[in-house]
Amino acid sequence: MEITTATRDDATILSVAGRIDTATAPALELAINKAIEGGTRRILLNFAGVTYISSGGLRVLLATAKKLKNPGDKYALCSLAAEVNKILKLAGFTTIFSIYPSEGEALAGW
Amino acid sequence: MPGGNASLVSLSWQPVPGAPGARIYPLIRKLDTTSSNAYLIQTDDVILLIDPGGLAEQAAQLALVIEECRREHDRPVFVFLTHAHIDHFLGTQCTPAFAHSKAAVFAVQETGAAALECGDGKLTQADLLGQIISPFRIGLPLLTDGRIDSCGVPVSRTFSNGATVSIIRKPAATGLAREQIRFGSGPALDVYHTPGHSPDSICIQMGGLLFIGDVLFAANPGIAGICGWDQSALIRSLDGIEALFADGGIVFVLPGHGRVIAAADAGLMFAAIRADTLALENIVELNRERAIETAAFAEDCMEQVNELFTIMAGRLYYVSYVLEELGEEDVAAEVSRLIKGDAIDELLEAFRSFADEHHKGSGVSIHLALKAGQVITKLQRSFEGAELAHIIDPALVQRAARLLSDYTTMLRGFCPPRELEECDLVRHLEALVTGLSVPACSDDDLLSSEDDDSTFTRLLLRRIGMQPLLSEVAFSFSAGEKHLVAPVDHDDLTDLVTYILEDLVGIGAAAIALQIARDGNRAIITLTGTGCTDSDFPKPKGGFLGRLCDRAGGTLSCAVDGKTREYTISLDGLI
């Protein structure tokens, strides 16, 4: 799994590529925590390159939602592959955070 | 001396209990299917090696120990096989110390001896495990028909390694054919014919040690049914072994794979194997073709299991998250414990890594099938199905449980159950989709339970955990006739339609239509998802869903056109 971090429109965008599984989920959590500790309250996870997410990965997404629930905080996912989208939808996660088709739509819509 | 609760120590010489002058050097391996344990015994007269194993490096290691023994005191070497499966001997084929008959004489029950002398790939399981064996000479065929007539009369034989042994056929007091072999004045070796796992299986006794080969695993999924396996012979052999224990004197049981077992613990194990064996009536033969089919089914199942377990764990995390938001941290923690998410992730990851290696070309199908069986057994222990079904969609939990059970059934040598019964498709599917459209717990139910804490908590959990699959999609149901009755497997059809609806919801269909119509004597069920948001459609799981539809009693096709995906289930025999 590879994570690249960028800043756009006052948001931190973490673009993730590869599998989010038992071995890699902690690295994702670390990268998100680092961004939050750096002061950002607007996080967009671009999952365009994510091919698989395990239950450990789902837990990281929920843990992030818990950290970004103050008024004004923003947290969303975008560009999900169909398989990953299906897992999030059927697990009920789409009611916790928004999922957008693209980065642009996320930044314009949240 | 080992005794009582003590056990034998691997890679160390120690006395053989009940056999003065004999010492044993066990090589106990971590349980696997590549190579058996090996047991070296030395007396003043002979060096005996029981089951050298399947790996050349193990055989070479044993050859070094034998060489050291012979340097101290040169004696003839005999190699006994508890049966002629390759994991018990293949390592010797490229180890010079065992390669010619003057170095070591092999002793195998006569059916196994014949198989080894002609290089039989089936009985030795070489074909199943993708190996090639070279035929080799068996100097001492055991329990031969030719010696039946001389029961009670010692027969003396001299061998190419210089040894002279005395063999005496004994009456089968325990129901097991028996021969006693003496290599001089030292302790004798008793050999019992215990077919079932294979036709040539034997148990070997010296003093208080009973070497049992693979009888412990003979009823295991993925082992029962291999070429030469025989249910009734196995039961007779188990009865005979039980009688051997009743005679007393056995201290340790030394299996072909895994740890040494104290005789006191072995009785219950044999009783369990007997019960398992009795349940294996009419299983199919586990040959190479069946192994390939089972491995393909394993991969399909594991892909689906992966998705279902991730969704189930995700649902539970979601419930836990909402409960924490509501200030119910204790209940949230309790809910999280119902599924061991990390353990499940690790198991699924282990299978994936194994399958990746398999596809790189080095693996054989039976190993992949067995690995899936091992993972599935552990998965079955990783979630509290009954408890979970009170919180998340029970259909999700039941489907996961059925998948695991279907695979185990297949691996055991049966076909997953398929019970075709007449079913009113219209009523059945209407009830199914209604259940997928309305909340499991209504607002009124929840509000009326607020005086009773435990009922309120239970209903609240259901309300949070069970989100109707079709609640956020424009869904329509139509049937050409009021009743359409066809023979189907009720559970499989339910699972199939649910998987398809999940697939359509998952790929973001804005609208889903389910239609049932008559086409001659066939019922046609069409599930159409339109306005799907994902232009990058994942490939429909034709293999898994196709097989499931076959078990449900029909055939399945899938067509994709732009943002529309359509599944068609065709069921023959409309009444």
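Predicted model: local features only at pLDDT ≥ 70, side-chain atom pairs only at ≥ 80, totals over all residues.
Local features need pLDDT of at least 70 and side-chain atom pairs count only at pLDDT 80 or more, while totals for chains, interfaces and linings use all residues. Residues are numbered from 1 along each chain as its sequence is written, and chains are lettered from A, with ligands numbered from 1, in the order in which they are written.

**View 1. Chain A as a whole.** Chain A has four helices and five strands. Helices here are DSSP runs of H or I with at least four residues, strands are runs of E with at least two, and both are numbered from the N terminus. Read from the N terminus, the order is β-β-α-β-α-β-α-β-α. The radius of gyration of chain A, 12 Å, is close to the 13 Å that the globule rule gives for 110 residues, so chain A is as compact as a globular protein of that length. That radius is taken over C-alpha atoms, and the rule is 2.2 Å times the number of residues to the power 0.38. Along the principal axes, the C-alpha atoms of chain A fill a box of roughly 30 × 25 × 20 Å. Of the 110 residues in chain A, 45% are buried. Buried means that 20 or more other C-beta atoms, placed from the backbone, lie within 10 Å of the residue's own. Among contacts in chain A between residues at least 6 apart in sequence, 68% join residues at least 24 apart. A contact requires C-beta atoms, placed from the backbone, within 7 Å.

**View 2. The contact of chain A with chain B.** Chain B gives 26 residues and chain A gives 21 residues. On the chain B side, helix 6 (288-325), helix 8 (341-362) and helix 15 (490-506) each give two or more residues. Helix 6 of chain B has the largest share, nine residues. By class, the chain B side holds ten nonpolar, seven polar and nine charged residues. Nonpolar covers Ala, Val, Leu, Ile, Met, Phe, Trp, Tyr, Cys and Pro; charged covers Asp, Glu, Lys and Arg; the others, Gly among them, are polar.

**View 3. A:Leu58 and its neighbours.** A:Leu58 sits in helix 2 (residues 55-67) of chain A. A:Leu58 is buried, with 26 other C-beta atoms within 10 Å. Leaving out residues up to four places away in sequence, A:Leu58 touches A:Ile53, A:Ala91 and A:Phe93, together with B:Thr310, B:Ala313, B:Gly314 and B:Tyr317. A:Ala25 is 33 residues from A:Leu58 along the chain, and their C-alpha atoms are separated by 8.8 Å.

**View 4. Helix 6 against helix 14 in chain B.** The axes of helix 6 and helix 14 (residues 453-465) of chain B come within 9 Å and cross at roughly 125 degrees. Axes are lines fitted to C-alpha atoms over the stretch in contact, and angles run from 0 to 180 degrees between N-to-C directions. Helix 6 and helix 14 of chain B are therefore oblique to each other. B:Arg315, B:Val319 and B:Val322 in helix 6 meet B:Leu461, B:Ile464 and B:Gly465 in helix 14. These residues divide into four nonpolar, one polar and one charged.

**View 5. Two positive phi values in chain B.** Most residues other than glycine have a negative phi. B:Asp51 has a positive phi near 55 degrees. B:Asp51 lies in the loop between strand 4 (47-50) and helix 1 (56-72) of chain B. With 29 C-beta neighbours inside 10 Å, B:Asp51 counts as buried. For B:Leu143, phi is also positive, about 50 degrees.

Note on methods: Contact = placed C-beta atoms within 7 Å. Parallel < 35°, antiparallel > 145°, perpendicular 65-115°, else oblique. Buried ≥ 20, exposed ≤ 12 C-beta atoms within 10 Å, placed from the backbone.
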